[in-house]
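Okay, everyone, let's get going.

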Amino acid sequence: MQRRIYFDNAATTALAPEVLETMLPYMTEKFGNPSSIYSYGRESRLAIENARKAVAKILNAHPAEIFFTSGGTESSNAAITASVRDLGCKRIISSAIEHHAVLHTVEYLRNRGEAQLLFVKLLPDGHIDLENLEQLLAGSEEKTLVTLMHANNEIGNLLDLHAVGEMCRLHGAFFHSDTVQTVGHYPIDLRQTPVHFITASAHKFHGPKGSGLLYINENVSIEPYIHGGSQERNMRAGTENLYGIVGFAKALELATANYETESRYIKSVKLYMAAQLKKHIKDVEFNGDYAGQSLYTVLNVSLPETEKSEMLLFNLDINNICASGGSACTSGAEQGSHVIRAMNNNPNRVAVRFSFCRHNTKEEVDLVVEKLKELI
C-alpha cells in the first residue's frame, strides 16, 4: 500500500496518543453528567474545572475567563454577535481574508442592519494595513468591534496582536481575534495581551474535534449565545463535552510544553520545502509573507495555471498526498479561495496550501516535490 503523506495540518491534526489515553476513562468509565449532584457527577465536574484551570494557567488568564465550546466557529460567532447585541457595537472593522466563521458572521449582522461593516485594507503581501486600521478607528466615535485573526489559515500571515490591541484600547474599541491557528502553536499571555475575546479549537494542535474555547476578558459582560441550561456558568448551555474538554487541556499542555523544539523543527520542514520547490519547480511563487511574519506551519504555493496544475489537488490525492487549495473548509467550492482573491486575483495562478506538524519529515517533502515535478 502506498504511503500516505499528510500535509494538511492547518485543517486538522492527528489526535495525539497521550490525549486519547487521557480522554478514554471519561468516555468509558467516568462518564457521569457534570451537572449531577451525586459523587459520580461531581467527579466529572472536577475534571472539567481542573481542565479549565490548566488551560487558564497556560494562557495566563483567570479560570473564570475560560469558556469551553464546540470549536472556533461557535466561539467567534458568540463573541461577534454579543459585541453587537450586548456591548452596543454599531461598527465592525474586519478584513476580507478572515476565516468564514468570522466573515459570514459579520456579513450576516451587516445584512440584518445591526452593524456597519468596514474592511481594512491589505498590503501587497497580505498583511493588514495598520495605518488604514488606525484611520478607520479614528474615523468615527461609534462603538466599534475590531475582529482580525492572529494568523491567516490559508497564507499563514501573522498579525501583531499587541499593536492592534493597543490601537483598539486607544480608541475605546472592543477587540476579538480568531486565534484558532495560534493557540497551541505560540505562547499566548492573555494578561499581557490587550484583547477582549480569543478563540481556539483543540483539533488544530493534536486534540479532539468538537472541543473549543472562548476567552472572555473579565471586564466584559455579555449574554449567552446558546440558551438552555446553566452550564459554563450560565454562558454556554448544553451538556458539557466532558472527554473533549479533558482532551483539549491535555493537548494544549503537550503542545506548549514542547513549543520551542517542535516549532523550530516544523519551521525547518516548511523552509526546506520552499527551497526545494524553488529549486525544482519552474515559475513557483509563494502567497503571503511566508519567510517573514508567518505561521511556521503553513506554506501557500502559487503555480502557473496549466491543464496539469488545474487538476493538481486531485492528482496529489490519487498519489496519497493530502494538501488543500487555500482553505480546506471550502476545498470543494468552485469559487476557490476568497483569501487569494482578495490578495491577488490572478486567474492564471493556482494556489496549493501545504501545512505541517511535528510528524512530518524532510523525506516526505522530497517525495512530494518529486511527485510535483511529474504532475506539473
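**Sheets, pocket and cavities**

So, before anything else: this is a predicted model, where local features need pLDDT of at least 70, side-chain atom pairs count only at pLDDT 80 or more, and totals for chains, interfaces and linings use all residues. Residues are numbered from 1 along each chain as its sequence is written, and side-chain values use heavy atoms, with hydrogens and water left out.

A word on names: helices (H or I, at least four residues) and strands (E, at least two) are DSSP runs, numbered from the N terminus. Two strands pair if DSSP finds at least two bridges between them.

Let's take the seven-stranded sheet. It is open, with mixed pairing, and the order reads β2-β8-β7-β6-β5-β3-β4. β2 (66-69) and β4 (116-119) sit at the edges with a single partner strand each, so one side of each has no neighbour in the sheet. On average, neighbouring strands here are turned by 20 degrees against each other, direction ignored. For angles, axes are lines fitted to C-alpha atoms, for helices over the stretch in contact, and values run from 0 to 180 degrees between N-to-C directions.

Now look at β3 (residues 91-94). It runs parallel to β5 (residues 144-147), joined by three bridges, and I92 stands opposite L145 in β5. Two helices pack on this sheet, by the way. Helix α2 (residues 39-59) touches β2 and β8 (212-216), and its direction makes about 120 degrees with that of β2. Helix α5 (residues 130-138) touches β3, β4 and β5, at about 180 degrees to the direction of β3. Contact there means heavy atoms within 4.5 Å.

On to β3 and β4: four bridges, running parallel, with S94 opposite F119 in β4. The chain gets from β3 to β4 through helix α4 (residues 100-111), and this β-α-β crossover is right-handed. That is, with the strands pointing away from the viewer, the path from the first strand over the helix to the second runs clockwise.

The other sheet I want to show has three strands, is open and antiparallel, and goes β9-β10-β12. β9 (285-287) and β12 (349-355) are the edges; each has a single partner strand, so one side of each lacks a neighbour in the sheet. The twist averages 35 degrees from one strand to the next. Seven bridges join β10 (residues 298-304) to β12, and L303 faces V350 in β12. Helix α9 (residues 259-280) packs on this sheet, touching β9, β10 and β12, with its direction about 15 degrees from that of β10.

On a 1 Å grid over the protein atoms alone, a cavity is a set of points where a 1.4 Å probe fits but cannot get out, while a pocket is an open set with protein on both sides within 12 Å along at least five of seven lines; lining residues have an atom within 4 Å of a point. Grid points are joined across faces, edges and corners, and volume is the space filled by probe spheres set on the points.

How many cavities of 30 Å³ or more are there? Three. The largest cavity has a volume of about 170 Å³. Among its 19 lining residues, G184, H185, H206, I266 and Y296 lie nearest the centre. And α9 is back: it gives the largest share of that lining, four residues.

Last one: the second largest pocket holds about 420 Å³. It has 25 lining residues, with H150, L158, L159, D160 and L161 nearest its centre.
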